[in-house]
Each structure stands twice: as C-alpha cells, then as structure tokens.
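Subject: The structure I promised you

Hi,

Have a look first, then read on for what turned up in it.

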Amino acid sequence: MAPAHSQPERPVLVCQDVEKLYGSRTNVTRALDGVSFEVASGEYIAVMGPSGSGKTTLLNCISTIDRPTSGHILVDDQDITALRAGQLSRFRRERLGFVFQDSNLLDTLTARENIALALTINHAPAREVSPRVEEVAERLGVHDVLDKFPHQMSGGQKQRVAAARAIVTNPSLVLADEPTGALDSKNSRRLLESFEDLNNDGATIIMVTHDSFAASYARRALFLKDGRIWSEIVRGSKTRKQFFDEIMDVVSFLGGEGADVR
C-alpha cells in the first residue's frame, strides 16, 4: 500500500470564495472575506489565526452549523451551501465527525455506548456495531475504558473516546475545534499522537487551534487574518520541530501563542 501522503488525491473539501457577513448594511463585519482553498483526501490541516481572524466561523460553515453569505463549499463534490435543513442533518451524520474542546460525551452512557450511538443513528447493521466499536477503541487506546462512564475517565481519555465516536462512521471529514484546549500537556500529546495515527491510516482532518504545538502535528497549516487566508505552510519532509519553528515564525507576525517542542 502506498504511503498516505505520497500522492495527492481528489479534493474532499473545496471552499470557493466563501464570505460570511454579520451586522447591518451600515455596520457590516466580514468574518470571512473570500476564503478559497482545497483539502485532499488524507490531508491533515491546522487552521490558525488570532482571535477574530475567522477560523471558528470557517469551521462552522464547513460543518454546516452556520451558512456562508456567499461562495460555495463542496464536500465530496456536493455543494453543501445548497442543502435544505433535512438534507443538512443527514449530511452531518453521514459525512462529518466532530471533536470539540469539551468532549460532549453523554454522561449517562458508557464509552462503548457513546461510540456505538454514532453508528446506531446512522442505521448501521446491529451485527457490525460491536466489532467496529472495539476496533476504533483499540486504535485510539481507549479499549480499557469502554465500560466506564465519562465521570470515571480522565480528560484525555474522554477526548480520545470523542475522537473514536467521530471516526467510527468513516466520515469524509473529521473536524476538530480546539481539541486540546482543556487538556494538560501529557494528555494533549497523547490525543495529538492519536490524530496523527488516524491521519496516517487515511483520515482527513481539519483542526482549528490557537496552539502551535498542536498545529505542528498537522501536515499543512493555514493562517487566517481579518477573514482572509494570510499564509500557508506545508510540513513536507521537515521534522515536527522544524515545522513548529516555522509555524511560530508566522504566529509571531500574527500575534498568538505557542508551546515548547522538544
């Protein structure tokens, strides 16, 4: 099998001149101002930028939580900006996986049940549910907490269970919004290593983060400023430390924060 990053594939995501305006005609805020980029199958993208740069708005538009004012967003060649409410709900269930800063696990369900719920909602055959839950839990190192409730897990375990829930349906895109924001450094590293492993196995990940340490695990970093793509850097053959240093160079111009990489 060819390495995951050896050959660019067709775009899973295409953003074409995406704009998002808030306010009135006399007081318009351009949260997104003509954003265009593509994400190929198997890519791992970090989206960075200072507060107010538009990174969260962009993720909300891609995830269909919000709708662009103009422009187009295509996922697997389907223009999601043209979908109606009922279609959007099905699109989210079938094509997207979400990992939030707060794991958003259901407190009354075990880890196993939280992960399985994503399959049940998608009407997966009952005989497939347990094997798929077991397989994804093994991949993310949470097999030993499958029968625990969220209050019995560490923050890092909860986030990895949330990641398992996000990928168990084999979505086109995994969208992560500040996934390490509530974790200590040890659990952050463990979660990011899990994301890296998922990406090496072919998962396509878009992660919004303010943290240069987290971004250094990605394969490409997009930097937003004032609603526009200000810069873009690719990891390529660089070490993660070299990529981190390059990210920090950009962040120092934009204003932001990083972490030490050793």
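Let's start with Arg30, which counts as partly exposed because its relative accessibility is 42%. The cut-offs for that word are simple: buried means under 20% relative accessible area, exposed means over 50%, and partly exposed is in between (1.4 Å probe, protein chains only). Before going further, a word on the source: this is a predicted model, so local features need pLDDT of at least 70 and side-chain atom pairs count only at pLDDT 80 or more, while totals for chains, interfaces and linings use all residues. Residues are numbered from 1 along each chain as its sequence is written, and side-chain values use heavy atoms, with hydrogens and water left out.

Back to Arg30. You'll find Arg30 in strand S2 (residues 27–40). Helices (H or I, at least four residues) and strands (E, at least two) are DSSP runs, numbered from the N terminus. Arg30 and Ile45 are 15 residues apart in sequence, and their C-alpha atoms are 23 Å apart in space. For another pair, take Val142 and Ala164: they are 22 residues apart in sequence, with 8.6 Å from C-alpha to C-alpha. Val142 sits in the loop between H4 and H5, and with a relative accessible area of 1% Val142 is buried.

Now for the charges. Side chains of opposite charge can pair when their charged atoms come close. What counts here as a salt bridge is a side-chain nitrogen of Lys or Arg within 4 Å of a carboxyl oxygen of Asp or Glu. How many salt bridges does this rule give? The count comes to 16. Arg30 shows up again here, in a network of salt bridges that links Glu19, Arg30, Asp33 and Arg228.

- Arg95 and Asp76 meet through their side chains in a salt bridge, 3.8 Å from N to O. This pair links distant parts of the chain, 19 residues apart: Arg95 is in helix H2, and Asp76 is in the loop between strand S4 (70–75) and strand S5 (78–79). Arg95 is partly exposed at 22% relative accessibility, and Asp76 is partly exposed at 23%.
- Arg112 and Glu134 form a salt bridge at 2.7 Å, N to O. Arg112 lies in helix H3 and Glu134 in helix H4 (residues 126–139), so the pair ties together parts that are 22 residues apart in sequence. Arg112 is partly exposed at 25%, and Glu134 is partly exposed at 26%.
- Arg139 and Asp201 form a salt bridge, with 3.6 Å between the closest N and O atoms. Arg139 is in helix H4 and Asp201 is in the loop between helix H6 (185–200) and strand S8 (205–208), so this pair ties together parts that are 62 residues apart in sequence. Arg139 is partly exposed at 33%, whereas Asp201 is exposed at 57%.

Next, the pocket. A pocket is found on a 1 Å grid over the protein atoms alone: it is an open set of points with protein on both sides within 12 Å along at least five of seven lines, where a cavity would be a set of points where a 1.4 Å probe fits but cannot get out; lining residues have an atom within 4 Å of a point. Grid points are joined across faces, edges and corners, and a volume is the space filled by probe spheres set on the points. The largest pocket holds about 430 Å³ of space. It is lined by 16 residues, and the closest to its centre are Leu96, Phe98, Ala118, Ile121 and Arg165. Which element gives the largest share of the lining? That's H3, with four residues.

Asp77 is not a glycine, yet its phi is positive, near 70 degrees. Asp77 lies in the loop between S4 and S5 and is exposed, with a relative accessible area of 65%. Asn170 isn't a glycine either, and has a positive phi of about 55 degrees. Asn170 is in the loop between H5 and strand S7 (173–177), and is exposed at 60%.
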